[in-house]
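Welcome! Here is a friendly tour of a structure that may be new to you. Take a look at the sequence and the model first, and then read on.

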Amino acid sequence: MAKRVRDSNLESRAAREKLKARGKPYYKAIGPGLHVGYRKGKAGGRWVVRLYLGKQDGGKDCYRVETIADADDKLDANGKTILDFWQAQEKARGLHKQLSGEGGKVAGVHTVKEAIEDYLHWMEGNRKSAQDARYRAEALILPDLGDKDIAKLTAKDIRHWQRKIAETAPRLRTKKGAEQKFREPADDAEAVRRRRASANRVLTVLKAALNYAWREGKVASDKEWRRVEPYEDVETARVRYLTIAEAQRLVNASSGAFRHLIQAALQTGARYSELARLRVEDFNADVGTLTIRESKSGKARHVVLTDEGKELFAQLVAGKQHGALILATPSGGQWLKSHQTRPMTEACKNAKITPPIGFHGLRHTWASHAVMNGVPLMVVAKNLGHSDTRMVEKHYGHLSPSYVADAIRAGAPRFGTVPETNVAQLEGRV
């Protein structure tokens, strides 16, 4: 146990009562580069620790100051939230040990922004797609939390930020430098669910970055953000998919390069970004597969095509050189983020698909029809790029033929109370 350091001005209540209240703490050195301090306020005092970080550019000494706990000015010390002078010394030494890296040097302030950048750099270096995480961080994390020291980030701070994200209307595309625009707020149950689900996804990015900083020794504890829970029961979205007739209308309502993009999505179930990166050499005509070299998980996969899909891609690569994009924009460039939004909206309008469906709905369409046609969930998951069937079961499991549905339809009671009618649903209409 380290030797106690005495100080006649700090070690007793009576002595501290005589000190003048001030913002700057009364410090006592208790070790090399380590001071315990007493900050006296009008209603009582608090113990702080000052840690020496070294010299900054220009030769100026740099310190890190952290609050330890309340002093035992009014109440007896409990060893946790209220400490006496001797307990404050032990707490200060423990914190110094936690924050010291190799060579005993204390880490300086590490902000959320720095943690996010380190994490995204790690993602990119490990062949994982960081594009979505970077967008969420720049739009929704850094404006509110970017400048905060992660050592001082509290669960209350994170919960307040999380609630703000969940209560803010969805963002609209806005010119760089202009004031951010938002959709008209909606307070129905589905809108609330979507906003909370979005907040959960952003919270996942924040926690991943903070955990990476903790593992790298940039912060002493991860207890604050571990206490923050995501919103519950908000990931049960009803998957929207097109009927075969609607899919045919959508293809017929589009043209040129965008029509090829829609057809490719319907034939593969691949993500928009995956389709945009496809090169001629990624199509294997001999076995009828596409190689997705860079996916969301960072792992490559092979997408198996039907005969119809194989014929489509054979037409798309015809006459193109090795290295050329299979699916290029009308100007010959690569499809980038949001390039598909306006033509997709226009195609849905022309195809009379109401409400309109987003491009990602084409992935849901492929998966939904594959499951309804009896393709095993593991096979669907493999073609979509999932490591197991959990996501497929969550979104499409209810569409799969099962003995439960067969048993209900065969043996559940009929009551004969539904009148006969000659009114029928038109094919392809919802």
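Rings of Phe, Tyr and Trp (its six-membered ring) count as a pair when their centres lie within 6.5 Å; planes under 30 degrees apart are called stacked, over 60 edge-to-face, and the rest tilted. By that rule, Tyr-38, Trp-47, Phe-85 and Trp-86 form one aromatic cluster. This is a predicted model, in which local features need pLDDT of at least 70, side-chain atom pairs count only at pLDDT 80 or more, and totals for chains, interfaces and linings use all residues. Residues are numbered from 1 along each chain as its sequence is written, and side-chain values use heavy atoms, with hydrogens and water left out.

**Aromatic pairs**

| Pair | Centre to centre | Angle of planes |
|---|---|---|
| Tyr-38 and Trp-47 | 5.3 Å | 55 degrees |
| Tyr-119 and Tyr-212 | 6.5 Å | 55 degrees |

Tyr-119 lies in helix α3 (residues 112-125) and Tyr-212 in helix α6 (residues 189-215), so this pair ties together parts that are 93 residues apart in sequence. Helices (H or I, at least four residues) and strands (E, at least two) are DSSP runs, numbered from the N terminus. Tyr-38 is buried, with a relative accessible area of 1%, and Trp-47 is buried at 0%; buried means under 20% relative accessible area, exposed over 50%, and partly exposed in between (1.4 Å probe, protein chains only).

**The nonpolar cores**

A nonpolar core is a set of buried Ala, Val, Leu, Ile, Met, Phe, Trp, Tyr and Cys residues joined through side-chain atoms within 4.5 Å. The largest one has 37 residues, and Phe-313 and Phe-359 have the most contacts inside it. Helix α9 gives the largest share, seven residues. A second, separate core of 31 residues includes Ala-115, Leu-145, Ile-150 and Leu-203.

**A buried arginine**

Where is Arg-271 placed? Arg-271 belongs to the loop between α9 and α10. Arg-271 counts as buried because its relative accessibility is 15%.
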